[in-house]
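Visitor: Could you walk me through this structure with a few questions and answers?

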Amino acid sequence: MNVTVFGTGYVGLVQAAVLAEAGNKVVCIDIDEDKVARLTQGHIPIYEPGLEPLVENSIAAGNLSFSTDAAHGVAHGELVFIAVGTPPDEDGSADLSHVLAVATTIASHMENKKYIITKSTVPVGTADKVRAAVEARLAERGLPELAFDVISNPEFLKEGSAVSDCMRPDRIIIGTSQQDSEQKLRQLYAPFNRNHDKILVMDVRSAELTKYAANCMLATKISFMNEMANIADRMGADIEAVRQGIGSDPRVGYHFIYPGIGYGGSCFPKDVKALISSARQMDLPAEILTSVESCNERQKHYLLDKIEAHFGGELAGRTFALWGLSFKPNTDDMREAPARVLMERLWENGARVQAFDPEAMDECRRIYGARDELQLCGSKEEALHGADALIVATEWQQFKAIDTAGVSAALKQPVVFDGRNLYDPQQLAEAGFDYYCVGRPQVAAKG
């Protein structure tokens, strides 16, 4: 099938590459000429496991191309995806200006029926706005009878496993009331729907809400467990035992119940804020979502409180090793990352940071530039040298096995603040560490 994707960000690029790999002819449109030139050469602007070879192979096969020519893109694709950003406004609502601009662009160039598919995460009612924008532009062109449909097809990709999620989706949501639109999407997704039927067809507004509801539910589970961890902290309970105890209940399950120092990234924070904003516009308080958001923001300060308590509030002049900058492993994304809150609060208190992340070093450099209080190190071992303590902010695989002797020798004193509960408190205590984690009783250093 001939497919066009407007937007070469995280969602658009992954979706385009996977559809092209399945044999479709996919054209990606973006307004950034330099980005399009780099993509044409196979240079991927984001880190996502498996994406780069997928793009390179599809370009070589002639199934994937990139362009700034919107007219070419509209002429090419019978199915036209809108996968541009919907950044939050000051009130938390989703900014739909890019989505509606693409809708108008499509209407400005279309000469035959188009199936316009919103892939961007958008509030309920966006499809109606896209439809109105297309109708208005077609009327201006004197083509009010030109057929089209607007379909909601939300993505459910996880950064770090997006290619796999796209190739082997657990569900495919199609929001449409038109039978021919449903059949077009069923045909498009047939290669990813062979094992069993994963397609769920519903009305457009329900499809739009499903995306927000899914992310807000997951964010709620994370914030709930973080609140339980804070309670365990005060009560002397072990949140790891609690996690196993409740996770063994199939009504709860083990997914997304790991306590830590808060969620980040491009989805959960933005989507929670956007749904709160949408609810308030209808005079609904969205009390649970508001609490989820405030709980998450508090949790990002959890380790700093422990750090300040350990050092008696005297952080000025101290140096801290920081393992992990990205908001989660297997991505270079630092948007809303807890590590940023940690670093910025340490700097406010006069401390320095020696940081290492397997993939997010360039992104950190882009965000913060060169500054005296930040040293980006070439390895996790280098980050330790001469530091007053180690802070773990991201659960990268290479951080999970700790060389206690090596870490102790490199640090000024054996102190670890673990924001992801990677280590065994008893083991660290026996190795002579003061070990602080999330919601687990502190074990005094031995030896």
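Here is a short tour in questions and answers.

Guide: This is a predicted model: local features need pLDDT of at least 70 and side-chain atom pairs count only at pLDDT 80 or more, while totals for chains, interfaces and linings use all residues. Residues are numbered from 1 along each chain as its sequence is written, and side-chain values use heavy atoms, with hydrogens and water left out.

Visitor: In what order do the six strands of the open sheet stand?

Guide: Strands (E, at least two residues) and helices (H or I, at least four) are DSSP runs, numbered from the N terminus. Two strands pair if DSSP finds at least two bridges between them. Here the pairing is parallel, and the order is E11-E10-E9-E12-E13-E14.

Visitor: Which are the edge strands?

Guide: An edge strand pairs on one side only. That holds for strand E11 (374–376) and strand E14 (434–436).

Visitor: What angle does the direction of helix H14 make with that of E9?

Guide: Angles run from 0 to 180 degrees between N-to-C directions, and axes are lines fitted to C-alpha atoms, for helices over the stretch in contact. H14 packs on the sheet and touches E9, E10, E11 and E12. Touching is contact, meaning heavy atoms within 4.5 Å. The direction of H14 makes with that of E9 an angle of about 175°.

Visitor: Is Asp333 buried or exposed?

Guide: Asp333 lies in the loop between strand E9 (319–323) and helix H14 (338–348). Buried means under 20% relative accessible area, exposed over 50%, and partly exposed in between (1.4 Å probe, protein chains only). Asp333 has a relative accessible area of 6%, so this residue is buried.

Visitor: Which side chain does a polar contact of 2.8 Å join to that of Asp333?

Guide: A polar contact is a pair of N or O atoms within 3.5 Å; within protein, one must be able to donate a hydrogen and the other to accept it, and residues adjacent in sequence count only if both atoms are side-chain atoms. At 2.8 Å, the partner of Asp333 is Arg335.

Visitor: Which residues of strand E4 cover its two faces?

Guide: E4 spans residues 79–82, and the four named residues are all buried. One side has Leu79 and Phe81; the other has Val80 and Ile82.

Visitor: Which residue in E5 is the bridge partner of Val80?

Guide: E4 and strand E5 (residues 114–118) pair in the parallel sense over four bridges. In E5, Val80 has as its bridge partner Ile116.
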